[in-house]
Amino acid sequence: MSLAGKHVLLIVAGGIAAFKALELIRLLRREGCEVTPVLTAGGAQFVTALSLQALTESRVYCDLFSLTDESEMGHIQLSRAADLVVVAPASADLLAKMAAGIADDLASTLLLATDKRVLVAPAMNVRMWQHPATVANMGILLARDVAVVGPEVGPMACNEFGPGRLAEPPQIRDAIAALLAPLPAPLAGRRALVTSGPTHEPIDPVRYIANRSSGRQGHAIAAALADLGATVTLVSGPVAIPDPAGVAVHHVETAQQMLAACEAALPVDVAVCAAAVADWRVADATNHKLKKAPGAAPPALVLVPNPDILATLSAAGPRRPRLVVGFAAETDALQHHAAEKLRRKGCDWIVANDVGGGSGIMGGTENEVLLVTAAGIEPWPRLRKEAVARRLAQRIAEALT
Ligand SMILES: Cc1cc2nc3c(=O)[nH]c(=O)nc-3n(C[C@H](O)[C@H](O)[C@H](O)COP(=O)(O)O)c2cc1C
């Protein structure tokens, strides 16, 4: 794939291999790829800002606290303006900062603020690469969906031999091209329905029953299905995150409204019910605020069951989506409850996650799920919710095509 018209933010960190970043820039520029360079203080010990500027024909960004740079392009904007963020070479130090979420200079702050994929090309002494700290940091970064190219095995500048050499510039260029290649669109022409977020069940005009769902997982699934070419309707409960791009979003509050919006979206090829729909609503929600009368007992809330959206879609007769995927949020006996839910609801797959106290999953940015299908139970590693979404969308594409 040609890189013409693409835009890479290239962070050059402090390592002996930093000179190879110049060759990488030459390769990218030759194809018409725009490169904005960022140089760490360490990197500046090995290559000059002038070389980077001459080769990229762009301003070189070095300082976080630079009035000039901030007025020209703020650091948040800089972190998002490119199609891809590439760190080459990636020093052990910068990888450690990325893993720990440290943002104490321009490069590390950009890496924390970016909403783009990040590709790192590590380069360091073999013992630094094999040190348990670096190994652990790389494990964290891989789980967060950071892409990695290299390092290569070979003789090193420090006269040692082993893994740690920066991948060659053509190899880094190919990794960039692979990440920027348009995704195949196996779901083109398919329609998908996704539910996301919590529901709010009113008690009175100012109070409601809710849960801790953030909508991050459902929204990411809607975006991932759209990325694979599907026409996606997202029915979202009240959430504090933005609507995903390229998706038709219907905002609802209650379970009853969510069901009505889902039924209106049929027919679809696949429905993914990721919303944490309240099981019950208040039987006699009032349209006036309940008052606290001195000495009076608190009001007793009588709950009635909400409609079961997953079961309703699974039993929608001729309008039933070909594939119905439910989510099970459990705090114990995950496998047992998930397999039982699959049978009870009549859906095809269950994505089960443990939302117990210490998991940090409900409302968090990562998820660790089991995919339960008729074929069995598949544990997935702990991943960012976007990565879980991409994996699930890929599986849905395979099932539908
Ligand atoms: C001569 C020399 C070569 C170095 N080579 C590397 C290297 O290849 N990889 C690495 O991770 N660190 C290397 N370092 C150490 C880093 O430069 C140092 O950790 C620095 O703080 C990295 O800064 P940065 O991560 O902000 O770029 C080297 C240091 C020196 C003095």
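Lys20, Glu23, Leu24, Leu27 and Leu28 of helix H1 meet Pro169, Pro170, Ile172 and Arg173 of helix H9, where contact requires C-beta atoms, placed from the backbone, within 7 Å. These contact residues divide into six nonpolar, no polar and three charged; Ala, Val, Leu, Ile, Met, Phe, Trp, Tyr, Cys and Pro count as nonpolar, Asp, Glu, Lys and Arg as charged, and the others, Gly among them, as polar. The model is predicted: local features need pLDDT of at least 70, side-chain atom pairs count only at pLDDT 80 or more, and totals for chains, interfaces and linings use all residues. Residues are numbered from 1 along each chain as its sequence is written.

The axes of H1 (residues 19-30) and H9 (residues 169-180) come within 9 Å and cross at roughly 50°. Axes are lines fitted to C-alpha atoms, for helices over the stretch in contact, with angles from 0 to 180 degrees between N-to-C directions. Helices (H or I, at least four residues) and strands (E, at least two) are DSSP runs, numbered from the N terminus.

An open sheet of eight strands has mixed pairing and the order S12-S11-S8-S13-S16-S17-S19-S20; pairing requires at least two DSSP bridges between two strands. Strands S12 (248-251) and S20 (376-379) stand at the edges with a single partner strand each, so one side of each lacks a neighbour in the sheet. S17 (residues 349-354) and S19 (residues 369-373) pair in the antiparallel sense over four bridges, and Ala352 stands opposite Leu370 in S19.

| Helix | Strands touched or crossed | Direction |
|---|---|---|
| H13 (residues 334-345) | S16, S17, S19, S20 | about 145° with S16 |

Definitions and conventions:
Contact = placed C-beta atoms within 7 Å.
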